[in-house]
Amino acid sequence: MQSMAGLARRAGGAIVAAALLLPSGAHAQAQNGLSNLFGGIFSGSNPAPAQPSPGPSGAPTGPLPWSGEDGASGHPLMTAAAIREAAGNFNNCVAAMWPDAARRGVTQENFQRFTAGLSPDLRIMDLMDSQPEFTKSIWAYLDILVNDNRLAKGREVLAKYKAQFDATEKATGVDRFIIASIWGIESNYSTQIGDRSVLQSTATLACIGRRQAYFKDEFLSALEILNRGDLRPEQLRGSWAGAFGPTQFMPTAFKRFAVDGDGDGRRDVVDNPTDLIASTANNLKKDGWQPGQTWGYEVVVPQGFNYMLADRAKAMPIAQWEKLGLKRPNNQAFPHPAEKAYLLAPAGAQGPGFLMLQNYRVIMKYNPAEAYALAIGHFADRLRGGQPFVQPWPRQERELSRTERLELQQLLAQRGYYKGTPDGQFGGMTREALRNFQASIGVPADGFASSDVLDRLRGR
């Protein structure tokens with residue numbers, strides 16, 4: 001369920017990016033967040049946040065209501081009839097969770113206090129199943145998230161909380177620039193966190209829709225947080241999927257990773273910078289962060305390279321990649337040639353390549369979307385004083401629409417390359433099918449879904 005947390009965290013996490021990207025924390029719909037919020041850059045799976053509906057005068061009057069339509073996923077629990085039936089039983093569903101809450105140590109008084117007046121937010125059903133027609137390219141995504149204004153704010157935050165970053169870096173070995181990068185990309189340094197009640201969102205999803213078991217755990221964990229007194233109900237506000245705070249913790253992730261950084265007896269990852277920095281670092285540390293290592297390197301991939309090697313499962317020592325002709329821009333040396341890395345070519349043969357190390361995989365655990373992890377690593381490097389990527393992106397390429405993505409998968413399936421169910425979302429199976437098709441026609445097998453490869457599949 002890694003992607004589930006990802007969706008949730010990112011459903012709110014990086015609400016900044018999610019909003020700008022249209023399509024969808026460390027811990028949300030899948031496990032840690034903007035996944036599959038941001039997986040949409042590759043797959044088109046990310047929902048857009050609700051926009052206020054205009055009143056008679058054109059002024060916003062509040063969030064959009066539920067559409068009343070069946071969900072795009074086709075899941076039986078996402079039909080309009082099933083949603084209405086579950087919504088009608090919402091109060092009983094919430095009340096039925098009391099025994100589970102009691103087993104977690106929640107007092108009856110607090111259960112009644114925190115659940116009193118809860119009502120379902122059915123607009124979430126539209127957001128959960130949203131499938132936008134168009135998505136952003138990875139270079140447009142990076143343009144949005146890694147910009148001069150955000151970098152300037154990041155440097156201010158690093159200076160303002162230098163003592164906290166010093167202490168956390170010493171205690172955990174986690175790079176301060178990565179923590180500051182996550183803070184900046186997830187919430188634009190606490191300015192865009194999300195304003196939905198985490199209790200209402202997780203209760204809605206625990207009782208209605210296609211992910212009830214997952215979100216029941218999130219709802220009960222939110223009750224535990226409030227029962228313990230780490231946070232107040234008004235602090236538990238965030239994304240439609242329940243991710244909250246400047247670095248977008250899902251309730252279950254908070255339970256696993258949040259720490260009391262300043263010893264005041266509370267783990268406040270919303271308004272206490274010390275706890276926020278320490279908890280985010282603890283998350284990365286427990287996920288396997290390697291102190292003193294970077295996340296990866298931009299590399300120049302030689303002409304005629306076998307892109308079938310560009311696969312997360314095909315890691316090898318950097319020295320071996322060098323023998324295959326990969327170099328850093330400007331012929332910079334690799335500091336640790338024995339480190340194992342895999343090649344990522346997110347824009348295919350037309351764009352830059354990247355050798356990814358263990359710490360990139362750790363960022364992917366925080367949010368299992370390649371574009372997100374690349375943005376985090378690059379933003380951290382820029383905060384450290386590094387330069388923009390050297391090689392150009394293929395900005396002349398247009399993004400395929402969802403209809404075209406579906407057609408591409410269907411054509412690959414007809415030719416025997418794609419074994420999954422066409423859904424317009426590009427994951428590993430689609431890339432592998434694309435690479436095999438490209439190899440069969442003698443073009444670079446880079447797995448990049450361009451309009452040209454779609455035309456070739458159409459036989460044009």
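# Checking the labels: salt bridges, rings and a disulfide

Student: Why do the side chains of Asp 381 and Arg 384 count as a salt bridge?

Tutor: They meet at 2.9 Å, N to O. The rule asks for a side-chain nitrogen of Lys or Arg within 4 Å of a carboxyl oxygen of Asp or Glu, so a value of 2.9 Å passes. By that rule the count comes to 26 salt bridges. One caveat: this is a predicted model, where local features need pLDDT of at least 70 and side-chain atom pairs count only at pLDDT 80 or more, while totals for chains, interfaces and linings use all residues. Residues are numbered from 1 along each chain as its sequence is written, and side-chain values use heavy atoms, with hydrogens and water left out.

Student: What makes Arg 384 partly exposed?

Tutor: Its relative accessible area is 41%. Buried means under 20%, exposed means over 50%, and partly exposed is in between (1.4 Å probe, protein chains only), so 41% lands in the middle class.

Student: How do you know which parts of the chain the salt bridge of Lys 216 and Asp 100 ties together?

Tutor: Start with the distance: the two side chains meet at 2.8 Å, N to O. Lys 216 sits in helix H15 and Asp 100 in helix H7 (residues 98-103), so the pair ties together parts that are 116 residues apart in sequence. Helices here are DSSP runs of H or I with at least four residues, strands are runs of E with at least two, and both are numbered from the N terminus. Lys 216, at 29% relative accessibility, is partly exposed, whereas Asp 100, at 19%, is buried.

Student: What separates Lys 162 and Asp 166?

Tutor: About one helical turn, because they are four residues apart in helix H12 (residues 162-172). An α-helix has 3.6 residues a turn, so residues three or four places apart point the same way. The side chains of Lys 162 and Asp 166 meet in a salt bridge at 2.8 Å, N to O. Lys 162 is partly exposed at 46%, and Asp 166 is partly exposed at 29%.

Student: How do you know the length of helix H15 is close to what's expected?

Tutor: The expected span is 1.5 Å times one less than the number of residues. H15 (residues 212-228) has 17 residues and reaches 24 Å from its first C-alpha to its last, close to the expected 24 Å. Among its buried residues are Tyr 214, Phe 215 and Glu 224. Glu 224 also belongs to a network of salt bridges with Arg 104, Asp 217 and Lys 255. After H15 comes Gly 229, with a positive phi near 90°.

Student: Why is the pair of Cys 93 and Cys 207 called a disulfide?

Tutor: Their sulfur atoms are 2.1 Å apart, and the cut-off is a pair of cysteine sulfur atoms within 2.5 Å, so they qualify. The torsion about the S-S bond is about -90°, so this disulfide is left-handed. Cys 93 lies in helix H6 (residues 90-95) and Cys 207 in helix H14 (residues 198-207), so parts 114 residues apart in sequence are tied together. Both cysteines are buried.

Student: What makes the aromatic pair of Trp 295 and Tyr 360 tilted?

Tutor: There are 15 aromatic pairs in the structure. For this one, the centres are 6.4 Å apart with 40° between the planes. Rings of Phe, Tyr and Trp (its six-membered ring) pair if their centres lie within 6.5 Å; planes under 30 degrees apart are stacked, over 60 edge-to-face, and the rest tilted. So 6.4 Å makes it a pair and 40° makes it tilted. Trp 295 lies in the loop between helix H17 (273-286) and strand E6 (296-299), and Tyr 360 in helix H19 (residues 358-366), 65 residues apart. Trp 295 is buried at 4%, as Tyr 360 is at 0%.

Student: And why is the pair of Phe 305 and Tyr 307 edge-to-face?

Tutor: The ring centres are 5.5 Å apart and the planes stand at 85°, so the pair is edge-to-face. Phe 305 is buried at 9%, and Tyr 307 at 5%.

Student: How do you know that E6 and E9 pair?

Tutor: Pairing takes at least two bridges found by DSSP. Four join E6 to E9, and the strands run antiparallel. Tyr 297 has Leu 355 as its bridge partner in E9. Strand E8 (residues 340-344) is also antiparallel to E9, with three bridges, and Tyr 342 stands opposite Met 356.
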